[in-house]
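Student: Hi! Could you walk me through this one?
Tutor: Happy to. Let's look at it together.

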Amino acid sequence: MKKKYIFTIIGSGTSGWLTALYLQKYYPYCAVRVIASSDIGILGAGEGTTTNVLNLLIRLGISEQDLYKHTNATVKEAIKFTNWNGDGKSYHHIFNNQDWFNPSVFNGDTNHGLPPIILDEIAHGDNLDNILIDVDLHKLNKVKKILSLNPNNKVEDPSTHFDSVGPNAIHFDASLMADFLKKIAIERGIDYVDDEVVDFSLDKNEYIEYIHTKRGKEYATNFVFDCSGFRKLVIGGLYKSKWISYKEHLPMKRAIGFSMDFEDEDEIPPYTEAIAMEFGWMWKIPLQTGFRCGYVYDSDYINEDEAKNEVIKTFGNDVTFGKSFEFEAGYYEKSWINNCVAIGLSAGFVEPLEATSIMVQAISLDVFLDNFIGVDPEKSYYRDRYNKTVGSINNENSEFIYTHYLSKRTSSKFWTEFKDKNITPQGVVKLLDECKLTMPGYAFFFENGKNYWTYNFLSWYSVLAGLELFDRTKAAELIEGMLMSTRRDEILIFINKYKANMKLNAAGSFIKHSEFIKYMIK
């Protein structure tokens, strides 16, 4: 009788259990084993996600209701960037599916033009918050969900009781999520070994044949997923893949976690807030029981005690500090070597901004699925293609995140020295040069050899406009060029109608975030 093909995941946490459940779903005739020591634990914190992560969880047969019930989850519809220009103002990066930001509305079947409603805002010196219904709703702590009047929708899953205006992601407690996914995995028959991996036996081709543990056990395997987190046990430790560092671009090195209570439990924001600080930035994630936060800072300027003092100075003494961790932004050039793929922190980490880590985990699993034939030792093309794709995604993330730091803040040396101390990535150099000449369009972002996997046109424009990196006169020239054509009335009517409807809808039937959560967990 032919033996089952065995996948072994080293490490637990969200990445380990998510990988295990993914493999079980897409390779149901294979055995899936997780080896992780409960003594090591995980880096638990409040964590934000992106829409692809929630979509993946649902694909794996995990209901939204259970996520809200078991992981302290809340809705995430955006990231609110507060005081990044040092002027006390904010801008939002939302999850976009809104057709009125698609250039083809006014440019036939082509996406190469620019949405006039966006150009109009930038020409007037505004960020894009004025044309985002999300922002008006979030001022009321409402989510883009309306309780459906269709009685046929009242099935068992309460998430189907709502009509949603656009996608959303979630926030969750990372420790609770890991425990929740572990419980599901074990119930579905995934083998769990509570032990610590200490060594490997390789065959003549340096493929992992056996995994050895601290308790003296030996486990045969056909394929390994390294989900060992910052320990980087296999791809970094065993195979010593080349590390591609971003430290010359992104200087953040440390983060300290902390938590705060809500001022009002009925007023839960449906977004992550990213607040600019003196030597970095702070994430503020709302869970059902309070805020889970962290200060990400450049330790060239301050130490941990000074970072804590700045947090207390900003938010008062009613904060509870948690774990701190040190990191270097970067990724492994080859996160798939022989019969091992690294997923999550063991493959690379840019920094917490924009929830890139868990987003890349979800994308990487799908990219592995596309290149599964690479498990055959003779099919190196597919392993190389996987590594190239994941590398491209990491590079895009690093460029996008770097752009967030091109701030007008002058309140500390960190901000005033940032551009001189840290090298601008070439992709960002080209982007800024384009912004001096014109308003970069779809063609700039998605043609000329670029392969953007993770951020759409509106994502880039939200950040660039929010940081006032556009030349508003260029936007004014382009919008005036549109108005000189026969489309003048059409465009102006569209813009005015959209803004009027947006204000009207924001005051309408959308549900408060806290009420939505209560509905989901009742």
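Tutor: Let's start with a pairing: Gly330 has Phe349 in β24 as its bridge partner. Before we go on, this is a predicted model, where local features need pLDDT of at least 70, side-chain atom pairs count only at pLDDT 80 or more, and totals for chains, interfaces and linings use all residues. Residues are numbered from 1 along each chain as its sequence is written, and side-chain values use heavy atoms, with hydrogens and water left out.

Student: In what sense do strand β21 and β24 pair, and over how many bridges?
Tutor: β21 (residues 330-332) and β24 pair in the antiparallel sense over two bridges. Strands here are DSSP runs of E with at least two residues, helices are runs of H or I with at least four, and both are numbered from the N terminus. Two strands pair if DSSP finds at least two bridges between them.

Student: What is the strand order in that open sheet?
Tutor: The order is β15-β21-β24, with antiparallel pairing. The edge strands, β15 (243-245) and β24 (348-349), each pair on one side only.

Student: And which strands make up the open sheet that has β12 in it?
Tutor: That sheet has three strands in the order β11-β12-β13, and the pairing is antiparallel. Its edge strands are β11 (197-202) and β13 (218-220). On average, neighbouring strands are turned by 25° against each other, direction ignored.

Student: Which residue in β13 is the bridge partner of His212?
Tutor: Glu218. Strand β12 (residues 208-213) and β13 pair over three bridges.

Student: Switching to loops, where is Glu206 found?
Tutor: Glu206 is in the loop between β11 and β12. Its phi is positive, about 65°, although Glu206 is not a glycine. Most residues other than glycine have a negative phi.

Student: Is Ala355 buried or exposed?
Tutor: Ala355 is buried, with a relative accessible area of 11%; buried means under 20%, exposed over 50% and partly exposed in between, with a 1.4 Å probe and protein chains only. Glu206, at 48%, counts as partly exposed.

Student: Now helices: at roughly what angle do the axes of α10 and α14 cross?
Tutor: The axes of α10 (residues 380-404) and α14 (residues 457-466) cross at roughly 25° and come within 9 Å. Axes are lines fitted to C-alpha atoms, for helices over the stretch in contact, and angles run from 0 to 180 degrees between N-to-C directions.
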